[in-house]
Amino acid sequence: MSDQAYNFAYLDEGTKRMIRRAILKGIAVPGYQVPFASREMPMPYGWGTGGVQVTAAVLTPGDVLKVIDQGADDTTNAVSIRKFFQRTAGVATTERTNEATMIQTRHRIPETPLTGDQILVYQVPIPEPMRFLEPRETETRRIHALADYGLMQVRLYEDIARHGEIATSYAYPVEVAGRYVMDPSPIPKFDNPKLDDCPAIQLFGAGREQRIYALPPYTHVRSLDFEDHPFTASKADHACAICGSGTSYLDEVITDDAGGRMFVCSDTDYCAQNAKGGA
Amino acid sequence: MALLDASGGDIFREEEARMTSSSSKYPEPDGPLLSVRSVTKRYGARIGCEDISFDLWPGEVLGVVGESGSGKSTLLGCLSGQLRPDAGEVLFDTRDRGPVDTLRMSEPQRRHLARTDWAFVHQNPRDGLRMGVSAGGNVGERLMAGGARHYGRIREAASDWLGRVEIDTGRIDDRPRQFSGGMQQRLQIARNLVSGPRLAFMDEPTGGLDVSVQARLLDLLRGLVRDMGLSAVLVTHDLAVVRLLADRLIVMKDGRVVETGLTDQVLDDPQHDYTQLLVSSVLQV
Amino acid sequence: MIEVQNIAKEFTLHNQGGAVLRVMEGASLTVAPGECVALTGASGAGKSTLMRMIWGNYRTDHGMIRVGDVEVSGAKPRRIIALRRSTLGYVSQFLRVVPRVPTLRVVAEPLLVLGMAEDRAEARAAELLTRLNIGENLWSLSPTTFSGGEQQRVNIARGFVHPYPALLLDEPTASLDAANRETVMRLIEEAKARGAAILGIFHDEAARERLCDRQIDVADFVPGRGA
């Protein structure tokens, strides 16, 4: 079924080995950004090249792959990456969270709890949580090395000063295992609690920025906050218009030009299962 | 001070007696806050500064004067951990471990010191401020770096400090680029002093400001030095500034110290030919 | 309280070919607590130089100067700073202050440096300024904008705000009208009465007669004339 012109999962074995080394190092030092020699991929930067390389490096022929973009299996980005691995690796694919062994995701964590048999791969645009406060890479590296994270807190302070609350609603910074501060990729902060104590391995790949980082299973992940402005995982205050779930993360969908709108689950698999009554 | 406050009746008489005998708000310290020993820094064959030694005592302001290229900024860099001297010792009297050579400290220790017990006031506020962060965030950063995690209290402290450096507290959420040069400089001072440091390094703190703004800043610095018992190393080429701020003076030329002493003595009775030239070159107003 | 023993002073002018000017030698004097001593002599004879050496402003190359228990000649700068803070006051002819600082603050500052609470220090400063006829409407202004006579009175207030055990006065009554001159002389008398040792330059002969217990002619210390 796979296209014989390509090595398994597109990348050559040497590259995969290099990436696996970076992944192992990332798992050994949770939350630490490991540099790696990111390759040109047959898709543009910003389309998940980091996640694709990580997936390619850990994918085995027996894996069942699920790819989601903003929670949905049927968006362009998800479809093209899924097809990419179908063609270059010939692996089985699925849209069901609980059937997948590997899940590559952009901007969401599935609603269905993950298990110890699964690997979740995140596509990361900007891995450095302090990038917009401190443009110098040399300085941010030093800050990480010395755990000198006052600056990170300044970012949250600025939020409250300007908006009355911590208005960061996605890519909300976390502290990993009491040590490194990490950008969880642009997932909504609603998903932040799922990072914590998760049985699955979580891998983060940033292709353009050439960084890989990881959360081993059951890592303590704490969202940064202030004592008097504690972290809250928020979502739109509605139920899903399709499945009726009151607990899953919702997308707002504009339905006409007259201001009509509806709220539906962003996790399409969860929504479908829930609608069937069997999630 | 408690004793003074408790006195009734003839307040002045009692205070007089007390103040004449014990002389100062700050008890006589056991040792210098900063001891600099034979600090030398070369840039290849060129001398940055050579064999500089002095003691700085608590509450004292030391002026370092000399023309451009005399090595005063190099010296300041070496003292504050921004440059690594080729030889010498910089002993700082730490709160917990007594005198420690800051040149041999680990990077985390030195950084910790730099954001708690030290202040660094740059000539250009842009070098000392985060221009994209609000005034409150700029002042609060040291507190947050030190582990403060209560927004309300951080804001209160920031607001208090803005008041102390005479910035309208209503501007706490404005960014420094909306401030005038003098305000930016005062904000930089607040950002540095919020952690209650004991030693301030100042590099031409009034340089580039209008004369009237300079005067206000000088008065502010004098008050802060006095009220906080702050020690400072003040690098400047402006003799009028050191006359008003510094207790003692070091005169540098070609990387070496040519004269030291009480500020007004060095300025009014200079001994070294270079100092005499420097003093006589000042334009009189 | 003030003790000067056999001091000499020379200035080396490096920028004028290294010329050495010897301006004083063999100067000795003492001032006891409660005593007021006048320095006399023609202008340029070295009265101000001697005062400045006692103040620590000019270096003492030869001989010994002691104020209280501090040996000024050869003292470390911080000893002199401490001495000036608590023990030795100096009313010079020139007011040197940070521009834009209000007069009340300028006068109160010596007390603030000693750790007195702000309100008390300012109350004390206000009392002195009132005695010296500096109107309350001027207190919030910087003295740098004042007339010469007003500046002189601010300078005096600053010099008397703390009861220094030793005082150096350089022409304290010059450029003052009769009423203010009288106030200043009262202040000096009060200082004497509380035991201050005072060394002063008074061109005003009547003031000298009234205040001073002794006179010392600095002409005796001019090199070559020998004493």
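Me: Contact means heavy atoms within 4.5 Å. With that settled, which strands does helix H3 of chain A lie across?

Reply: Quick housekeeping: this is a predicted model, where local features need pLDDT of at least 70, side-chain atom pairs count only at pLDDT 80 or more, and totals for chains, interfaces and linings use all residues. Residues are numbered from 1 along each chain as its sequence is written, chains are lettered from A and ligands numbered from 1 in the order written, and side-chain values use heavy atoms, leaving out hydrogens and water.

Helices (H or I, at least four residues) and strands (E, at least two) are DSSP runs numbered from the N terminus. Axes are lines fitted to C-alpha atoms, for helices over the stretch in contact, with angles from 0 to 180 degrees between N-to-C directions. Here H3(A), residues 76–89, lies across S2, S3, S4 and S5 of chain A, at about 155° to S2(A). Helix H2(A), residues 49–58, lies across S2, S4, S5, S8 and S9 of chain A, at about 130° to S8(A).

Me: In what order do the strands of the open sheet in chain A come?

Reply: Two strands pair if DSSP finds at least two bridges between them. In chain A, seven strands run S1-S9-S8-S5-S4-S2-S3, with mixed pairing. S1 (34–35) and S3 (92–93) of chain A are the edges, each pairing on one side only.

Me: How many bridges join S2(A) to S4(A)?

Reply: Five, between parallel strands: S2(A) spans residues 64–69 and S4(A) 102–106. A:Lys66 has A:Ile103 in S4(A) as its bridge partner.

Me: What does the secondary structure of chain B come to?

Reply: Twelve helices and ten strands. Among chain B contacts between residues at least 6 apart in sequence, 64% join residues at least 24 apart.
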